[in-house]
Amino acid sequence: MATFVLPQTGVFALGTPIQTFYEFDLAEPRPDAATLLNVVRSLIVGVKTGQGSNVVVGVRPSLLATILPAQCPSGVHDFDADVVGDDGFTMPATQHDLVVWVQSGRLDAAFDEGRRVLGLVAPIATLKHENRGWNYHGNIDLTGFVDGTENPAIVPAAEICLVPDEPGRGASILLLQAWRHDMAAWEAAGDKVQSEAIGRDKATDDELFPKPANAHNARTDQDEVGKILRKNVPIGGATDPGTLFIGLCAKQSTLHTMLQRMAGMNGEPRDALTYYTTATTGAYYVLPALTDL
Ligand code: HEM
């Protein structure tokens with residue numbers, strides 16, 4: 001047993017613009033815990049240093065509680081029900097059993113690592129989603145806004161993302177959601193309406209003051225809800241552009257409250273951004289500490 005706690009290093013990796021997520025469901029009959037953990041370990045220890053890819057493995061919360069109960073953070077839950085706003089706006093629950101997050105500097109390294117991942121996981125699980133994120137003009141998302149302005153710096157990011165105590169010390173909770181944008185409606189709205197929807201000025205990235213109550217940065221206001229780390233990336237191409245929301249936190253409730261506030265529940269306003277973009281997937285995964293694997 002290690003005397004120190006090391007998170008999965010890719011959680012804090014920088015400079016890897018190509019982010020691929022493979023989500024899997026376990027095959028029937030389900031593999032036993034030892035077989036599953038051997039595959040998880042082989043995914044991580046087999047990474048070739050110097051080849052330009054990190055690999056992070058996440059496990060469905062309820063599955064981790066059965067295979068590694070002593071390493072599973074308390075009170076975590078699956079994305080097991082759609083998040084539905086008062087007007088019916090829905091973020092779907094599409095929970096799967098495992099996620100493998102491959103972070104690469106180049107497309108060729110991403111491809112090679114993806115083939116290795118699929119080969120290792122094939123005997124125990126079936127691929128359900130592959131989402132490949134890419135980099136658009138640095139840190140701009142496909143709405144045209146800077147994404148990540150209010151992200152924490154690296155040291156507070158560790159405090160925000162890593163479970164501080166046992167069980168599961170050093171683990172992190174990942175919220176993964178693919179969103180698709182209605183670009184025709186967004187572009188037709190123009191810069192002023194877009195800026196009010198995000199709550200920041202599109203040209204300067206300054207926060208609007210006051211920001212509208214239904215602005216995205218008001219519904220997700222970290223001073224009210226709690227802090228998270230976001231590593232969002234663009235997905236899709238010119239015909240199906242979107243954002244892959246990659247949110248990390250030590251507290252699952254912070255992530256889930258943000259979703260509920262965006263959807264507009266309990267008489268609160270619905271996030272203006274959600275009139276232009278639709279969540280097509282939604283799942284939570286626990287990323288156990290490397291030293292627990
Ligand atoms: C289509 C999906 C999304 C897009 C395009 C998007 C984009 C943005 C942009 C442009 C900003 C303003 C700049 C910044 O501070 O980063 C922002 C802020 C933020 N977003 Fe999102 N976002 C999306 C979904 C989400 C979701 C699902 C969550 C939470 C579960 C979230 C949480 C936040 C938070 C916490 C902030 C900072 C709020 C603050 O100022 O304290 N976003 N987002």
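This is a predicted model: local features need pLDDT of at least 70, side-chain atom pairs count only at pLDDT 80 or more; totals for chains, interfaces and linings use all residues.
Me: What makes strand β1 a partner of β5?
Reply: Strands (DSSP runs of E, at least two residues, numbered from the N terminus) pair if DSSP finds at least two bridges between them. β1 (residues 18-26) is joined to β5 by 7 bridges, so the two antiparallel strands pair. Strand β2 (residues 53-59) also runs antiparallel to β5, again with 7 bridges, and V56 has W101 as its bridge partner there.

Me: Why is β5 called largely enclosed by the rest of the structure?
Reply: A residue is buried if 20 or more other C-beta atoms, placed from the backbone, lie within 10 Å of its own. In β5 (residues 98-104), 7 of the 7 residues are buried, so the strand is largely enclosed. One side has L98, V100, V102 and S104, while V99, W101 and Q103 lie on the other, all buried.

Me: How do you know that β8 pairs with β10?
Reply: The bridges joining β8 (residues 229-230) to β10 number 2, so this antiparallel pair meets the cut-off. L229 stands opposite L248.

Me: Which residues come nearest to the ligand?
Reply: Among the 27 residues around the ligand (C-beta within 6 Å, placed from the backbone), F145, E150, W179, T220 and Q222 come nearest. Strands β7 (172-181) and β10 (242-249) are among the elements giving two or more residues to this shell.

How values were computed
Residues are numbered from 1 along each chain as its sequence is written. Helices (H or I, at least four residues) and strands (E, at least two) are DSSP runs, numbered from the N terminus. A residue is buried if 20 or more other C-beta atoms lie within 10 Å of its own, exposed if 12 or fewer, and partly exposed in between; C-beta atoms are placed from the backbone.
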